[in-house]
Amino acid sequence: MKRLSTWSKIFSRAEESDNSGLFVSLEELIEERRYVGYLRRLRPKLSVSNQSGDVKSAFKGRGMELEEIRNYIHGDDVRDMDWRVTARKGSPYIKLYAEEKDREIYVAADMSPYMVFGTRKQLKSVSVAKIAGLLGWMSLENKDRFGCMIYDGHQNYVYKPRNHQANLIAIFKKLSEVSRKILQTQEVEGSFAGNLRILQQGIKNGASVFVISDYNFMTDELKKALAGLSKKAKVYLINIFDILEDVAPKAGEYMAAEGKEKLVFNSSSKLFQKAYKSHFEEKRQEVKKFALKFGCRYMEVRGDIELYKQLKLF
């Protein structure tokens, strides 16, 4: 058993006077569905398919298998133009690819007590749950099968990928339950990395996996787990961070506490401000460089800004 000792616990969790943003309710996760339309509109073109519904999955690229070459029709994606055939025939032709079907979308949600931190709007754990909710709704509406792994610092809850709302609601209920439970604990057992290795064993090749965490502990164990996962799946690393990890506290004297330990520091000096900003910027760059090396998609999401506006899924 390991005692929680993250730097973030030394700061106040909220600047607001109410309790909003400390945990997420089932109703809030259900309401995330309203943002799906916004993200769908980011696509330059929608396709029609009797097999896969009327919207091509937000998480799918074009299929790799060439199906046919036909005359260009107004509205077709110019990226699919077959320029050789076009030049030979003297009229525009495009390539059609077989669309990938029955894709699996997973979320690996780090809901450990390490994520119980936030100075504005909501805790990191709440951001994780809301992003998972939005991805779940997108998967459902795009006819993909959605699964989820939730790590609460002690237990690991795994939901197999399915394409029906009952499964999605069950996931939402567990996310809401965990977001409340972790407010009462200071202990962490096991590791997020260990559970990612378990997830890797159960997913299909080519699945899309969204790993949502703050990556404050980018250990060798976590790197190995993510690298292994990237060999089997299309991995998205969503890095949740707080404004206090982006902007140093205003000049002044502060007292920080972790358990019985207390520390007084002054943030007034320019040296402190520079070192503070560099520390967290370097941590984010480390994750970004890792993602580039192993072919993972990387996104940064700050908890006090509208989450759906920060997701770059296309």
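Predicted model: local features only at pLDDT ≥ 70, side-chain atom pairs only at ≥ 80, totals over all residues.

Biologist: Which strands are joined to E9 by bridges, and what makes E8 and E9 count as a pair?

Modeller: Two strands pair if there are at least two bridges between them, and six bridges join strand E8 (residues 208-213) to E9, so the two are a pair, and they run parallel. One of these contacts across the strands is that of Phe-210, whose bridge partner in E9 is Tyr-236. Strand E12 is also joined to E9 by six bridges, again in parallel, and there Tyr-236 stands opposite Arg-297, while Ile-238 stands opposite Met-299.

Biologist: Why is the crossover from E8 to E9 called right-handed?

Modeller: The chain passes from E8 through helix H7 (residues 220-230) to E9. The name right-handed applies if, with the strands pointing away from the viewer, the path from the first strand over the helix to the second runs clockwise, and this β-α-β crossover is right-handed in that sense.

Biologist: What is the order of the strands in the open sheet, and what makes E6 and E12 edge strands?

Modeller: The open sheet has six strands in the order E6-E5-E4-E8-E9-E12, with mixed pairing. Strand E6 (156-162) and strand E12 (297-302) each have a single partner strand, so one side of each is left without a neighbour in the sheet, and they stand at the edges. From one strand to the next, the twist averages 15 degrees. Helix H5 (residues 165-181) packs on this sheet, where it touches strand E4 (104-110), strand E5 (145-151) and E6, and its direction makes about 160 degrees with that of E6.

Biologist: Is Lys-124 buried or exposed, and how do you know?

Modeller: Lys-124 is found in helix H4. Buried means under 20% relative accessible area, and Lys-124 has a relative accessibility of 2%, so it counts as buried. Leaving aside residues up to four places away in sequence, Lys-124 touches several others, among them Met-115, Phe-117, Asp-214 and Ile-240.

Biologist: What makes Gly-295 exposed?

Modeller: Exposed means over 50% relative accessible area, and the value for Gly-295 is 65%, so this residue is exposed. Gly-295 lies in the loop between helix H8 (270-293) and E12, and its C-alpha atom is separated by 7.9 Å from that of Val-235, although the two residues are 60 residues apart along the chain.

Biologist: How many residues does the protein chain have, and what share of them is buried?

Modeller: The protein chain has 314 residues, of which 51% are buried, and it has eight helices and 12 strands. Among its contacts between residues at least 6 apart in sequence, 75% join residues at least 24 apart.

Definitions and conventions. Residues numbered from 1 in each chain as written. Heavy atoms only, no water. Helix = DSSP H or I, 4+ residues; strand = E, 2+ residues; numbered from the N terminus. Axes fitted to C-alpha atoms, helices over the stretch in contact; angles between N-to-C directions. Contact = heavy atoms within 4.5 Å. Buried < 20%, exposed > 50% of the residue type's maximum accessible area, 1.4 Å probe, protein only.
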